[in-house]
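Thanks for coming, everyone. I have one model to show today, and I will keep it short.

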Amino acid sequence: MQPEDAQILLVVATSSLVLLILLITVIILFVFFQKRKLKFILEQKEAEKRYMEEIAKSQIEIQEQALQNMSWELHDNIGQLLSVARMHINILGTQLTDENKEKLDDISEIVGKSLQEIRLLSKTMNTEIIQNMGLVKSVEVELDRFNKLNFLEAKLHILGEKRTLDIKEEIILFRIMQEFFSNAIKHSKANKLEVTLNFKSDRLLVLAQDDGVGFEEGEIEKGSGLINMKSRAAIINTEFAMKSAKNKGVSLTLSYPYKK
């Protein structure tokens, strides 16, 4: 081999090596910047998620405060006015004939039922009372209210050993169920409502089922109530599912993992 050929081969080999090093460097830099970009995107999404969660929590706090204020207003003001009205009706009844007194008794009974409804309703709207009663008792009070006022026939089943949950998250779980109960009465035209609280070893499973007219799957997705329930469930890391079909009622399933 001539010295010139050897020199050319050396130059070619050196150039190839330099190109290989440059190629490897470019690949390493590309991978590095791609990882940085991916990390930045993930951090941005995480920040957006935290931001949306904070907004949702703030909205829930505002809603809870509004419900608390309404509860006090119902109990302290409207409740007292109805009590005074019923007292005056009873006094007036002593001054009437038996025939008119019977009619007045009917009015007194209506006022009495309204007073009972307001007192029970104010309990389930008041955050402090729910905190003191706990989730199970709060659900019992709500279902008892439906039964006493003949809204529908409501039953509660408790499975497993009861556990004390995070107080704030108990309230969120109760509000989700409360939204479902409200829909069962107002929209589903249900006659029966069954609720099961199943305290498993690692999570609480909630199943609520009514026997109402139901909805088409597309109709369920449009409701603002569903959006509220889903957003509340997401905040406490709870799996949420709602199923329905025309004339087959609506079912709600919540899977709440216990805090470690």
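This is a predicted model: local features need pLDDT of at least 70, side-chain atom pairs count only at pLDDT 80 or more; totals for chains, interfaces and linings use all residues.

Start with strand β4, residues 239-244. Its side chains alternate. Strand β5 covers residues 250-257, and β4 pairs with β5 in the antiparallel sense over six bridges.

Now the charged pairs. How many salt bridges does the structure hold? There are five, and I will show some of them.

E169 and K259 form one, with the closest N and O atoms 2.8 Å apart. E169 lies in helix α4, residues 167-186, and K259 in the segment after β5, so this pair ties together parts that are 90 residues apart in sequence. Is E169 buried or exposed? E169 is buried, at a relative accessible area of 13%.

Next, K155 forms a salt bridge with E153, and here the closest N and O atoms are 3.8 Å apart. K155 counts as partly exposed at 40% relative accessibility, and E153 counts as partly exposed at 38%.

The side chains of D202 and R203 also meet in a salt bridge, at 3.5 Å from N to O. D202 is partly exposed with a relative accessible area of 42%, and R203 is partly exposed with 23%.

That is what I have; I can take questions now.

Methods: Residues are numbered from 1 along each chain as its sequence is written. Side-chain values use heavy atoms; hydrogens and water are left out. Buried means under 20% relative accessible area, exposed over 50%, partly exposed in between (1.4 Å probe, protein chains only). Helices (H or I, at least four residues) and strands (E, at least two) are DSSP runs, numbered from the N terminus. Two strands pair if DSSP finds at least two bridges between them. A salt bridge is a side-chain nitrogen of Lys or Arg within 4 Å of a carboxyl oxygen of Asp or Glu.
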